[in-house]
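Welcome! Let us take a walk through this structure together, step by step.

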Amino acid sequence: MRIKVKIKPNSKENVVEKIEDNSLDYSYFIKVKASPIDNKANLELINVLSKYFDLPKSKISLVKGLRSKIKTLVIDK
């Protein structure tokens, strides 16, 4: 499964919101506590999604948007 997410780093808590609006370019809005420095926010994003989808972290990989707020991830089930 391939998903697009928008991430907001430096938040007060880790939150995953599913977006139902089809006009947006992404399907999930995710807030993470980690800062974007040294790839910390990307690693936290994978941790949050692994808990949300109840999958091991090894099943989730970031394929596009390493330095962008909108990211594409591949989730193997």
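What follows looks at the sheet, then the helix on it, and then a pocket.

Please keep in mind that this is a predicted model. Strands of a sheet pair through backbone hydrogen bonds, either parallel or antiparallel. Here, five strands form an open sheet with mixed pairing, and their order is S2-S3-S1-S5-S4. At the edges stand strand S2 (15-18) and strand S4 (60-64); each has a single partner strand, so one side of each is left without a neighbour in the sheet. From one strand to the next, the twist averages 35°.

Now for the helix. Helix H1, which covers residues 40-53, packs on the sheet and touches S1, S2, S3, S4 and strand S5 (70-75). The direction of H1 makes about 45° with that of S5.

Let us return to the strands to see both kinds of pairing. Strand S1 (residues 2-8) runs parallel to strand S3 (residues 28-31), with four bridges between them. Along this pair, lysine 8 stands opposite lysine 31 in S3. S4 and S5, in contrast, run antiparallel and are joined by four bridges, with isoleucine 60 opposite isoleucine 75 in S5. The hairpin of S4 and S5 has five residues between the strands, and in this hairpin glycine 65 takes a positive phi near 95°.

Where does the largest pocket lie, and which residues line it? Its lining includes Ile7, Pro9, Pro36, Asn39, Leu66, Arg67 and Lys71. By class, five lining residues are nonpolar, three are polar and three are charged. The space in this pocket comes to about 210 Å³.

How values were computed: Residues are numbered from 1 along each chain as its sequence is written. This is a predicted model: local features need pLDDT of at least 70, side-chain atom pairs count only at pLDDT 80 or more; totals for chains, interfaces and linings use all residues. Side-chain values use heavy atoms; hydrogens and water are left out. On a 1 Å grid over the protein atoms alone, a cavity is a set of points where a 1.4 Å probe fits but cannot get out, and a pocket is an open set with protein on both sides within 12 Å along at least five of seven lines; lining residues have an atom within 4 Å of a point. Grid points are joined across faces, edges and corners, and a volume is the space filled by probe spheres set on the points. Ala, Val, Leu, Ile, Met, Phe, Trp, Tyr, Cys and Pro count as nonpolar, Asp, Glu, Lys and Arg as charged, and the others, Gly among them, as polar. Two strands pair if DSSP finds at least two bridges between them. Helices (H or I, at least four residues) and strands (E, at least two) are DSSP runs, numbered from the N terminus. Axes are lines fitted to C-alpha atoms, for helices over the stretch in contact, and angles run from 0 to 180 degrees between N-to-C directions. Contact means heavy atoms within 4.5 Å.
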